[in-house]
Structures are given as C-alpha cells and as structure tokens.
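User: Hi! Could you walk me through this structure, one question at a time?

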2 protein chains.
Amino acid sequence: MTTVDGYELQARLLRALSHPVRLRILNLLVKREACVCHLTAVLRRPQPYVSQQLAVLRDEHLVAGRREGTIVYYRISDHHVAAWLSHGRQLAADGEDSSAMFPPVPEGALPDCPCPACQAEHSGGHHQSQSGDAAAGQPVRARDQS
Amino acid sequence: MTTVDGYELQARLLRALSHPVRLRILNLLVKREACVCHLTAVLRRPQPYVSQQLAVLRDEHLVAGRREGTIVYYRISDHHVAAWLSHGRQLAADGEDSSAMFPPVPEGALPDCPCPACQAEHSGGHHQSQSGDAAAGQPVRARDQS
DNA sequence: ACAATGTATGCATGTTTCCGAATATAGAAT
DNA sequence: ATTCTATATTCGGAAACATGCATACATTGT
C-alpha cells in the first residue's frame, strides 16, 4: 500500500486551480459546456495557450472533453468542486464588490467564435448539426501520466 | 482606480494554499494556536523552513503571529477560509478513506517541543507561565511588500 | 490532398522550493 | 552595559517547476 499523502493530493488540486485564466475557464464552464474556440474567443488568448490550460485542468480531472467532429466541447467534471470554488471566490473577495471583481461573462453565442454552434445560434436560428447529432462523442484522452 | 482582477486575487490565495506543508500547518492551527517550535517538532522540518512557509501564509493574511517573549504563537486569521479548506479536503479525498489520508495530529504537548508551554504540559501539571501571562503580545509585522 | 480544429513539444524566462548561513530579537547571566 | 543563549526571521543560491509562446504534430471532415 503506497502511503498516499492527502495533503499532497489537495495541494496538487489547489495548484491546478491557482491560475487566473484557469479560474476564468472553470467559471465559464459552470454555466454550460464550451468548445475550445469559444473559450479562445472569450479569453482572447491564442488557442494553444487555452488548450494548454485545459490540459492542466484535465490532468486533475477538473474538466472533461467530448469530441464532436473536429470540435471538442469541455465541461466541468465535478460540480461539487465548482460550487466549492464559487464559495472560495466570495472569501477571496472578502467584503469587496464581487460583481465588479468577477464581471459576468457575455452569455450565449459569440460572433468571434467560429464553431458551428455559435454561428448558427448567432444568426438567429437554433443549432442544428449538419453532420447529424451523434449520440455522444468520445472522451478526449488524457496525456500519459506516470 | 486600479482595475482589480478578482481572479488574480483568488489565484494568489489558492497558490498560497497549494503546498502540502502549508496545508498541514493550517490544519494544525485550526485546533489551537501553536508556536513555531511546536510546528517545527510536529512537521520535522528545519525551523527556518517552517518560518518561511509561515511567512507565505502571513503575506496572504491566512495566519497571524503573536509574540510572547521570545516565542511567537501563530493562529488562523480567518476561520471561514479554514472551514472552506476543510470542505475542499473532503472533495480532494473524493471517496477515499480520508481519515487515512489525513491522519490526525498528535494532540497536546510534545516532548520534542522545547517551548515552556509544551514542557510544562508534558510534565503533568498544567501550564503556568513563568514570566506571568502577559495580556497580549505584539503582532508580528509582515514583510514589506511592494 | 487540403483545410479546420485541437493537442503536444521545445525553449526562454521567470518563480517556487528548499537549504545553509547570516541576522534580528528577547531575556538571562555575568 | 556586555555578553550569552534561545527563538525566530531573513538572505543568497542551486535545483526544480511553472508560464507563455512559436512551432510541429494529430485528428476529423471535405
């Protein structure tokens, strides 16, 4: 039995969370799942950069990806953790105006986002996949880890 | 007005917490305040090392120090954060046996701890300060920060 | 083959971690 | 007062790790 140090585990989890962009990503995904291109548009960061941060969150099982065609949709893995994080946000704000510190994200579709979901939603009609709604995408594999 | 990014603040807080030794320190201090020598004995780490980790926690106002003579007693600054952390521990354990992952700390006085509180308590009688219980020590000053 | 979307790799730069030594600080002894 | 001891903090540096970018690679669909 390998003596697992719980503090080490918790520290790893916290470290994965201790980054402003990753916190923003999680906050975006709480409301609904989103594709990488969507996150790229909202965060205004280069796509490889966003993908990298998603990989960090994935490695700690904080988010999970679902592939549909060429597009990968990410979502929160564990909403308990999300709720816990949201609680922590209030503690971090600590009396300040938290609605000013954590401005709400533009909801819904973005003109900047090239994914078909956003494009369709943005032009008025609701989304209808052109390749047929597959039942469920394959989970995105995690990087090999020691 | 400087545009304060709440995510940055929360990330800093999380980063200060994302270290196994610092998590252990906080967990120790939840039950009661403790002097640096006590923490040093429990954690079995060199004293400067413990002091350094305490400084990180101090800079984020997670703990506060109170000096009594040559001894500095540290305690949790914000028990809301402590409760939140404890909640996070359950999430990190996630189904595993959390009492095995976070073994309870030896309570009370330690033979290894040289501070008079521990020595007195350890030799049977309850603690009676030899220099008279001063009302309250001076708070330990934080490092100058930019 | 080609284009579109995501992921991984390599690297320069900066930060964290940990240690040993030096420094401060408080009290006691001479 | 001066020195001595005990406690705690800070400093300087080496190794490990994180960050952000540019580029290369992989996968899917046309």
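## Where the two chains meet

User: How many residues of chain A are in contact with chain B, and with how many residues of chain B?

Analyst: Before the count, please keep in mind that this is a predicted model. Contact here takes heavy atoms within 4.5 Å. On that basis, chain B is touched by 29 residues of chain A, and the number of chain B residues in those contacts is 29.

User: How much area do chain A and chain B bury between them?

Analyst: The size of an interface is often given as the accessible area lost when the parts come together. For this pair, carbon and sulfur atoms carry 72% of that area. The total buried between chain A and chain B is about 2900 Å².

User: Which residues in chain A lose the most area to chain B?

Analyst: Three residues lead on that side, and together they account for 26% of what it buries. They are Tyr7(A), Gln10(A) and Trp84(A).

User: Which element gives the largest share of the side of chain A that touches chain B?

Analyst: The elements of chain A that give two or more residues to this side are α1 (6-17), α2 (20-31) and α5 (79-93). The largest share is ten residues, and the element it comes from is α1(A).

User: What classes of residue make up the side of chain A that touches chain B?

Analyst: Sorted by class, this side has five charged residues and eight polar ones. The remaining class is nonpolar, with a count of 16.

User: How many salt bridges are there between chain A and chain B, and how many residue pairs are in polar contact?

Analyst: A salt bridge would need a side-chain nitrogen of Lys or Arg within 4 Å of a carboxyl oxygen of Asp or Glu. Between chain A and chain B the count of these is zero. For polar contacts, with both residues at pLDDT 80 or more, the number of residue pairs is seven.

## A glutamine from each chain

User: Is Gln10(A) buried or exposed?

Analyst: Gln10(A) lies in helix α1 of chain A. Buried means under 20% relative accessible area. Gln10(A) has 2% relative accessibility, so its class is buried.

User: Which residues is Gln10(A) in contact with, beyond its neighbours within four places in sequence?

Analyst: Gln10(A) is one of the residues in chain A that lose the most area to chain B. Setting aside its neighbours within four places in sequence, its contacts are Leu23(B), Leu85(B), Gly88(B), Arg89(B), Ala92(B) and Phe102(B).

User: What about Gln10(B): buried or exposed, and in contact with which residues?

Analyst: Gln10(B) has its place in helix α1 (residues 6-17) of chain B. Its relative accessibility is 3%, so Gln10(B) counts as buried. Apart from neighbours within four places in sequence, the residues in contact with Gln10(B) are Leu23(A), Leu85(A), Gly88(A), Arg89(A), Ala92(A) and Phe102(A).

## Chain A as a whole

User: What pattern does chain A follow along the sequence?

Analyst: Chain A has seven helices and three strands. Read along the sequence, their order is α-α-β-α-α-β-β-α-α-α.

User: What share of chain A is buried?

Analyst: The accessible surface of chain A comes to about 8700 Å², with 50% of it on carbon and sulfur atoms. Of the 146 residues in chain A, the buried share is 44%.

User: How far apart are the C-alpha atoms of Gln52(A) and Arg22(A)?

Analyst: Gln52(A) is in helix α4 (residues 47-59) of chain A, and it is exposed, at a relative accessible area of 52%. Along the chain, Gln52(A) and Arg22(A) are 30 residues apart. Their C-alpha atoms are separated by 9.9 Å.

User: What is phi of His61(A) near?

Analyst: His61(A) is in the loop between α4 and β2 (63-68) of chain A. With a relative accessible area of 55%, His61(A) is exposed. Its phi is positive, in a residue other than glycine, and near 60°.

User: And what is phi of Arg44(B) near?

Analyst: Arg44(B) is in the loop between α3 (36-43) and α4 (47-59) of chain B. At 66% relative accessibility, Arg44(B) counts as exposed. Phi of Arg44(B) is a positive value in a residue other than glycine, near 55°.

Terms used. Residues numbered from 1 in each chain as written. Chains lettered and ligands numbered in written order. Predicted model: local features only at pLDDT ≥ 70, side-chain atom pairs only at ≥ 80, totals over all residues. Heavy atoms only, no water. Buried area = accessible area lost by both parts, 1.4 Å probe. Polar contact = N/O pair within 3.5 Å; in protein donor to acceptor, adjacent residues only side chain to side chain. Helix = DSSP H or I, 4+ residues; strand = E, 2+ residues; numbered from the N terminus. Nonpolar A, V, L, I, M, F, W, Y, C, P; charged D, E, K, R; others polar. Buried < 20%, exposed > 50% of the residue type's maximum accessible area, 1.4 Å probe, protein only. Areas by Shrake-Rupley, 256 points an atom, 1.4 Å probe, with all protein chains shown as cover.
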